[in-house]
Amino acid sequence: MAEALLRHKGGDKYDVYSAGTQPDTVDPRAINALGKFGLDTNNLVSKNMNVFEGQVFDYVITLCDKANNECRSYPNAVKQLAWDFPDPKERSGSNPFSTTLNELNNRLSMFLLVEDKDVNITCCVTENSIDVESDQLDDFEPISFYKSLTDDIRLKTLMLTHYHGELCVCELMEALEENSRPKVSRNLAVLKKAKVITDRKHGQWVFYRINPDLPLWAKSVIAQTTENNIPMISNELQRLANMQNRPDRASFCK
C-alpha cells in the first residue's frame with residue numbers, strides 16, 4: 001500500500017520499491033482498499049528485502065516496529081526513517097485496511113513536504129512485515145498524556161521523534177537549539193514517566209522513540225499534530241539534517 005501511494009504522490013521524482021522481512025502473498029483487502037482510493041494496483045507483488053541486497057537507496061522507511069528492530073540500519077541507506085503502523089490484519093473496526101491506507105497517506109504527505117527537494121530521481125524502499133500489534137498499556141493515563149504535550153520542548157520532541165522514528169539527546173539538542181542537556185533530559189523524563197516515549201541504550205548513546213504500546217488514539221494525536229503542523233518544526237528538521245557527527249547507526253543491526 002505504501003509503495004502504491006508513494007508512486008502516486010511522488011512517482012515523478014522518486015523511484016519507489018517495497019519489500020518485507022517476512023513477505024506473504026498480497027492481501028486482497030489491500031488491493032481492494034487501494035482500488036477504492038483510486039490507485040493503480042497493477043504489478044504489485046510481495047517481495048523479500050533480500051532482492052535489493054547491495055542496492056543503494058536515498059531513503060529506507062520501515063513501517064512497523066518489528067522491521068525496525070530486526071535491523072536498525074539498512075546497509076546502503078543514505079537516510080533511514082522508522083515509522084510504526086499496526087498490521088491492518090490485526091486491527092479492529094469495519095475497514096482496517098482503508099484506515100491504515102489513510103494513515104499512510106497522511107504520513108507520506110508529511111514525508112514529501114519535508115524531504116522533497118529539487119531532484120530528478122531518488123530511490124525509496126518501504127520495508128514492511130507481518131506483525132501482531134503489541135498489547136496496549138493497561139495503566140495509561142490520558143490526563144498525564146495531555147499534560148506532557150503542554151511544553152514546547154516536549155511537544156517538538158514528540159513531533160521530531162514521530163517523523164524520524166528514533167533520536168538521541170544530542171540530536172534533540174541540536175534540532176531544538178537547546179544548549180542545556182539537563183533541561184532536555186528533564187523533559188524526556190517527563191515524557192518517559194507518562195509512558196509516551198521509551199528509551200534504549202546502545203554504547204554511549206541513549207535513543208528515544210514514541211512508545212510502540214501507546215493506545216492507537218494517543219498515537220493518532222501525535223501523528224495528526226505532526227502531519228498538520230510541519231511548519232512548526234521545519235527549522236528543527238533542517239538543523240537536524242545539517243547536523244555533523246550524528247550517532248553512527250551503521251552497526252546497530254541485531
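**Exercise 1: around Glu178**

Leaving aside neighbours within four places in sequence, find which residues Glu178 is in contact with, where contact means heavy atoms within 4.5 Å.

*Solution.* Before starting, note that this is a predicted model, in which local features need pLDDT of at least 70, side-chain atom pairs count only at pLDDT 80 or more, and totals for chains, interfaces and linings use all residues. Residues are numbered from 1 along each chain as its sequence is written, and side-chain values use heavy atoms, with hydrogens and water left out.

- Step 1. Helices (H or I, at least four residues) and strands (E, at least two) are DSSP runs, numbered from the N terminus.
- Step 2. List the partners: with those neighbours set aside, Glu178 touches Ile153, Met173, Lys183 and Val184.
- Step 3. Check the surface: the relative accessible area of Glu178 is 17%, so this residue is buried. Buried means under 20% relative accessible area, exposed over 50%, and partly exposed in between (1.4 Å probe, protein chains only).

**Exercise 2: the whole chain**

Work out how many helices and strands the chain has, and what share of its residues counts as buried.

*Solution.* 

- Step 1. Count the elements: the chain has 10 helices and seven strands.
- Step 2. Turn to burial: 48% of the chain's 254 residues count as buried.
- Step 3. Look at how far contacts reach: take those between residues at least 6 apart in sequence, and 72% of them join residues at least 24 apart.

**Exercise 3: aromatic rings**

Describe how the rings of Phe52 and Phe57 are arranged, and then do the like for Trp83 and Phe111.

*Solution.* A pair of aromatic rings is described by the distance of the centres and the angle of the planes.

- Step 1. Start with the total: the structure holds 14 aromatic pairs. Rings of Phe, Tyr and Trp (its six-membered ring) pair if their centres lie within 6.5 Å; planes under 30 degrees apart count as stacked, over 60 as edge-to-face and the rest as tilted.
- Step 2. Take Phe52 and Phe57: the ring centres are 5.7 Å apart and the planes stand at 80°, so this pair is edge-to-face. Both Phe52 and Phe57 are buried.
- Step 3. Take Trp83 and Phe111: here the centres are 6.3 Å apart and the planes at 75°, so this pair is edge-to-face.
- Step 4. Find where the pair sits: Trp83 belongs to the loop between strand S3 (77–82) and helix H4 (96–115), while Phe111 is in helix H4, so the pair ties together parts 28 residues apart in sequence.
- Step 5. Check burial: Trp83 is buried at 2% relative accessible area, and Phe111, at 0%, is buried as well.
- Step 6. Widen the view: Trp83 and Phe111 form one aromatic cluster with Tyr14, Tyr59 and Tyr163.

**Exercise 4: salt bridges**

For the salt bridges Glu3 with Arg7, Glu103 with Arg91, and Lys156 with Glu236, give the distance from N to O and say where the partners lie.

*Solution.* Side chains of opposite charge can pair when their charged atoms come close.

- Step 1. Note the total: a search of the whole structure turns up 16 salt bridges, each a side-chain nitrogen of Lys or Arg within 4 Å of a carboxyl oxygen of Asp or Glu.
- Step 2. Glu3 and Arg7 meet at 3.0 Å, N to O. The two residues are four apart in helix H1 (residues 2–10), which means that about one helical turn separates them. Glu3 is buried at 9% relative accessible area, whereas Arg7, at 41%, is partly exposed.
- Step 3. Between Glu103 and Arg91, the closest N and O atoms are 2.8 Å apart. This pair links distant parts of the chain, with Glu103 in helix H4 and Arg91 in the loop between S3 and H4, 12 residues apart. Glu103 is partly exposed at 27%, but Arg91 is buried at 13%.
- Step 4. Lys156 and Glu236 meet at 2.9 Å, N to O. Lys156 is in helix H6 and Glu236 in helix H10 (residues 234–242), so the bridge ties together parts that are 80 residues apart in sequence. Both Lys156 and Glu236 are buried.
- Step 5. Follow the shared partners: salt bridges join Lys156 and Glu236 with Asp152, Glu177 and Arg239 into one network.
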